[in-house]
Amino acid sequence: MKTLDISQIKNKFGRLLSYAHYQCALSDESINARVVNNRFFDFLEYNRVDSFLKTSLDDICFNELGGGIKRFDDQFSKEYIYAGESYITVAISLSIPLRKLFMLFPLQKMIELFPTYHEMGNFRLIEKVKNELSSITTLKVLLERDKISVFNLSRALYINRYTLNKIKNNQKEEKILTYQETLDLSAFFNVDPIFFTSSQCVPYYASLWDDDLFVALFLTSVKLAVTDKYPLFYMDKPLKLNSYMLLTPSSLVFYSKGKIAKQLPEYKFDFLIDMTIKYYKDICFQQGKAYC
């Protein structure tokens, strides 16, 4: 499972928004629109984080955001840096694609949270945005943008009006859309399908293994997924047992008579981590903690 440095991603994205505003003289509305319409900013969704981190702020601003003015100073704004970091935090914690988050919660609104929330923990920010988004959905935004009623949309796409009303009023209901319905809606409004889905990005970082809750959840997942009835050990190798499973943050290995009998395939190990993180994120939010 590839480890991501979330702090590095947040810092880079925060500096990018500040750079775009000050050095490239882009307005909040321009930055917001260009992020929403550019697939470059799906770097979390499609494992392009390394490319994002390696690309200079200059190149991103001029090639991806279309900045046309270069101011020769090094001024950075703590408000814009906070906004950029907050977008990454919220996108990951609430499983919302980054571009979709910019559509539903524009940059100016995020900046306005700075005076009240910048000294609070991340959870308070996430909670605030989550509450704001409870009445905002992609479909509602697009219907208002194009001045179309649910009734007319239903007739145009042959999608049940009851289904459309559900996803208009609650973004969690987007999961009831079929793949074809998602494609049809995207084509009708001329947007990417990503705006009608939840984020598939599940960032993993090694420090999760320092959290007893995460380790306990992962051990439970292993026990449910593995049928071998061997004792399971985490990190510390037993000395006297003939058969056992040894779990580390990078592997699950089966031992028999002191020798490796087999190892859980990497794709299965990564799948268990992926599922555990999703469950862990939900529990963190219930307990008033931010995942990242």
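User: What volume does the second largest pocket have?

Analyst: This is a predicted model, where local features need pLDDT of at least 70, side-chain atom pairs count only at pLDDT 80 or more, and totals for chains, interfaces and linings use all residues. Residues are numbered from 1 along each chain as its sequence is written, and side-chain values use heavy atoms, without hydrogens and water. A pocket is an open set of points on a 1 Å grid over the protein atoms alone, where a 1.4 Å probe fits, with protein on both sides within 12 Å along at least five of seven lines. Its volume is the space filled by probe spheres set on the points. Here the second largest pocket has about 300 Å³.

User: Which residues lie nearest its centre?

Analyst: Lining residues have an atom within 4 Å of a point. The second largest pocket has 14 of them, and Met-1, Lys-2, Leu-4, Asn-47 and Val-202 lie nearest its centre.

User: What volume does the largest pocket have?

Analyst: About 880 Å³. Of its 25 lining residues, Leu-94, Ser-95, Lys-172, Ser-198 and Asp-282 are the closest to the centre.

User: Which element gives the most to that lining?

Analyst: Helices are DSSP runs (H or I, at least four residues), numbered from the N terminus. H15 gives the most to the lining of the largest pocket, five residues.

User: How many residues of H5 are buried?

Analyst: Buried means under 20% relative accessible area (1.4 Å probe, protein chains only). In H5, twelve of 16 residues are buried, including Tyr-80, Tyr-82 and Tyr-87. Ser-95 follows H5, with a positive phi near 55°.

Notes:
Helices (H or I, at least four residues) and strands (E, at least two) are DSSP runs, numbered from the N terminus. Buried means under 20% relative accessible area, exposed over 50%, partly exposed in between (1.4 Å probe, protein chains only).
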